Amino acid sequence: MPESFDGKMVVAISSRALFDLEESNRVFESEGIEAYYRYQRSREDQVLAPGIAFTLVKKLLALNSLDPHRDRVEVILLSRNTADTGLRIMNSIEHYGLAISRAAFTGGEKTYPYVPAFDAHLFLSANPQDVRKALEAGHAAATIIPTGAVAPGERPGNESVPGELRIAFDGDAVLFSDEAERIYKAGGLDAFTASEVDAAHQPLSGGPFKKFLAALHRIQSEYPPDHSVIRTALVTARSAPAHERVVRTLRAWNIRIDEALFLGGLDKGPFLKAFGADIYFDDQSRHVESARQHVAAGHVPYGVANE
């Protein structure tokens with residue numbers, strides 16, 4: 001029988017999100033493709049430094065070591081390199097002992113068509129256009145933003161909780177649809193609050209990251225809450241009384257969120273640091289800018305804030 005990903009959480013990641021390829025990219029942009037080919041081939045035995053999402057991927061793959069009989073996660077590399085120039089990337093994957101065996105090298109073509117082909121629950125890339133197309137195809141996707149919290153050569157992300165994966169999400173236009181955010185944009189805070197109070201018992205529609213959260217929850221459900229290998233957080237600008245609809249929505253979905261921070265417009269960055277997020281996802285650039293000063297962050301170009 002053919003191989004399948006049945007029961008697995010599938011994460012697709014670009015080579016520039018996994019490794020630090022900024023110098024290589026500068027060569028490509030300033031000197032052209034032939035110079036880039038020469039640059040990569042002459043350095044194919046030089047190990048690439050970890051990129052923004054390296055720690056996240058490492059922790060995701062570590063979930064597979066918990067059960068010797070079943071893998072929970074599949075990580076797939078998507079790259080605009082050719083297989084030839086991508087040899088340095090694969091050598092680096094081997095050097096770090098990352099269990100990534102499947103890859104698509106597109107030779108300069110867009111990578112997003114392979115996100116639905118692999119049926120990925122999550123796609124992380126440094127290319128905003130690829131991310132937007134993946135979102136349009138119904139897959140959770142985010143543009144990885146360089147972090148201001150890590151010095152060159154250091155590993156990005158949180159390693160303060162060994163063995164525990166911590167992922168934080170914004171609510172509206174990320175976990176949930178942007179229906180409430182549209183009311184806020186059109187009528188302001190008072191209109192938003194009144195609408196959310198009236199609809200408190202009506203669950204919000206799912207946003208682009210609902211399926212990814214559900215995939216995380218399936219793994220979480222194998223462990224008691226106080227011994228889970230994954231911890232999730234909702235970090236939202238909402239505050240009371242607009243919190244109730246969110247709580248009831250998650251209850252209706254039968255999905256657990258371990259921590260919920262209703263910040264009422266406060267700067268999110270320090271709270272994400274306190275949570276120890278390996279990565280945070282938000283649809284609004286100003287919140288991503290705040291987050292990236294403390295943790296790895298992904299911009300979700302979805303909803304009314306990105307139109």
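Me: What is the bridge partner of L124 in strand 5?
Reply: In this predicted model, L124 is bridged to A142 of strand 5.

Me: And what makes strand 4 and strand 5 a pair?
Reply: The cut-off is at least two bridges between two strands. Strand 4 (residues 122–125) and strand 5 (residues 140–145) have four bridges, in the parallel sense, so they count as paired.

Me: Why are strand 3 and strand 8 called edge strands?
Reply: The open sheet has 10 strands in the order 3-2-1-4-5-10-9-6-7-8, with mixed pairing. Strand 3 (102–105) and strand 8 (259–262) each pair on one side only. On average, neighbouring strands of the sheet are turned by 25° against each other, ignoring direction.

Me: Which strands does helix 4 touch?
Reply: Helix 4 (residues 54–62) packs on the sheet and touches strand 1 (9–14), strand 2 (73–79), strand 4, strand 6 (165–169) and strand 9 (279–282). The directions of helix 4 and strand 6 make about 120°. Helix 5 (residues 87–95) packs on the sheet too, touching strand 2 and strand 3, with its direction at about 155° to that of strand 2.

Me: Why are helix 2 and helix 3 called roughly antiparallel?
Reply: The label needs an angle over 145 degrees. The axes of helix 2 (residues 22–31) and helix 3 (residues 33–42) cross at roughly 150° and come within 7 Å. Helix 2 and helix 3 therefore count as roughly antiparallel.

Me: Which residues meet there?
Reply: From helix 2 it's E23, S24, V27, F28 and E31, and from helix 3 it's I33, A35, Y36, Y39 and Q40. The residues of this contact divide into six nonpolar, two polar and two charged.

Me: What about N254, buried or exposed?
Reply: Exposed means over 50%. N254 comes in at 61%, so N254 is called exposed. Phi of N254 is positive too, near 60°, again in a residue other than glycine. N254 lies in the loop between helix 10 and strand 8.

Me: Where is the cis peptide bond?
Reply: It joins A240 and P241, with omega about 10°. P241 is in the loop between strand 7 (230–236) and helix 10 (243–253).

Notes. Residues are numbered from 1 along each chain as its sequence is written. This is a predicted model: local features need pLDDT of at least 70, side-chain atom pairs count only at pLDDT 80 or more; totals for chains, interfaces and linings use all residues. Side-chain values use heavy atoms; hydrogens and water are left out. Helices (H or I, at least four residues) and strands (E, at least two) are DSSP runs, numbered from the N terminus. Axes are lines fitted to C-alpha atoms, for helices over the stretch in contact, and angles run from 0 to 180 degrees between N-to-C directions. Contact means heavy atoms within 4.5 Å. Angles under 35 degrees count as roughly parallel, over 145 as roughly antiparallel, 65 to 115 as roughly perpendicular and the rest as oblique. Ala, Val, Leu, Ile, Met, Phe, Trp, Tyr, Cys and Pro count as nonpolar, Asp, Glu, Lys and Arg as charged, and the others, Gly among them, as polar. Buried means under 20% relative accessible area, exposed over 50%, partly exposed in between (1.4 Å probe, protein chains only).
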